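Please look over the sequence and structure below.

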Amino acid sequence: MVVLGTGGTIASSADSATQLHDYRVTAGVEDMFTAIPELHALADLRAVNLLQLDSHAIDSAALLTIARRVAKELADPEVDGLIVTHGTDTLEETAYFLNLVLKSTKPVVVVGAMRPASALSADGPLNLYNAVRVALAPAAHGKGVLVVMNDRLFAARDVAKAHTTAVEAFEAAEEGCLGRIACGGIHLFHAPLRLHTAATSFSLDRLAELPMADIIFDHQGAGIHHYHAAIDAGARGIVLAATGNGSLSPSARLGAELAARAGVAFVRSSRVGRGIVTPSFDDETLGMVAAGSLNPQKARILLMLALTQSHELHHLRSCFERY
């Protein structure tokens, strides 16, 4: 079993045990092993220190670096599964990206912490311990990339960070968690139905880089300048964090028209946080794609991958329907 470190709060420390903010990444995976000796009773673990980043610093290049190293480790027949330790700010984006590009049915679990390792009641040690237990469970095979936080396990597609600081920050508000970890047992209730990992059409082998895609947040009195800036900067796709059911303000509608004329893909998601953005008559008029139940940040991940294959509207819509 491989534990691959990328940084984040789970690998961080602060100046005092009561300081729960303004901490810094200080630990490698081996340090986590030392702090949690019970891990070695679970499995034969190998540490890989890939990155030491706060997850809000992860860009497309780092995302590809993580995915390629995970894929390389999974290709080793001696590796039964893999844990990625990750900062929570963008954990859901990395997990969903891995869920779309990895070509393995071996368990992959992404885990983080809401409190630094130096804190009173730090949550990272138990989260990591539980992540290893989940990766060892036969039921975890073939379920796509999983996220383990606060005694719950989630499908990478469904999970989102929904609180700024609480240890129960992660949830899948509409879909629910896949299962729970309780009293030494892994209890699975559901399985993801959308295509993932080995069943997707995306491949790292043909992925040199990711196209630029921006997220624009719609609001009352929104201006058109964000759309001009994104298009002029070379964005190949725009995801709108729209109001309500993907509704467009007057400026957002003008932005969609600008994008259509410039050949830039335009996806309607929602800033609401729950529910499904359904297709609209305006989608045909303006050449837009409805994001379904994907939040803006995950819609951007899928849009970037879809654009590596084709810019055709029917292809983009098919991706959002299948994944």
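This is a predicted model: local features need pLDDT of at least 70, side-chain atom pairs count only at pLDDT 80 or more; totals for chains, interfaces and linings use all residues.

The report below starts with the sheet and ends with the cores.

Four strands form an open sheet in the order β13-β14-β15-β16, and their pairing is parallel. β13 (213–217) and β16 (288–290) take the edges. Each has a single partner strand, so one side of each is left without a neighbour in the sheet. From one strand to the next, the twist averages 25 degrees.

Strand β14 spans residues 237–242, and strand β15 spans residues 265–270. The two pair in the parallel sense over 6 bridges. A241 has S269, in β15, as its bridge partner.

## Helices across the sheet

Helix α6 (residues 250–262) lies across β14, β15 and β16. Its direction is about 150 degrees to β15.

Helix α9 (residues 313–322) lies across β15 and β16. Helix α9 runs at about 10 degrees to β16.

## The nonpolar cores

The largest nonpolar core holds 58 residues. Which of them touch the most other members? They are F97, L100, L302, L303 and F320. Helix α8 (residues 296–307) gives the most to this core, contributing 8 residues.

What does L100 contact, leaving aside its neighbours within four places in sequence? The list is T197, T200, F202, I301, L302, L305 and Y323.

A second core is separate and has 28 residues. Among them are V29, I36, L45 and V111.

Terms used: Residues are numbered from 1 along each chain as its sequence is written. Side-chain values use heavy atoms; hydrogens and water are left out. Two strands pair if DSSP finds at least two bridges between them. Axes are lines fitted to C-alpha atoms, for helices over the stretch in contact, and angles run from 0 to 180 degrees between N-to-C directions. Contact means heavy atoms within 4.5 Å. A nonpolar core is a set of buried Ala, Val, Leu, Ile, Met, Phe, Trp, Tyr and Cys residues joined through side-chain atoms within 4.5 Å. Buried means under 20% relative accessible area, exposed over 50%, partly exposed in between (1.4 Å probe, protein chains only).
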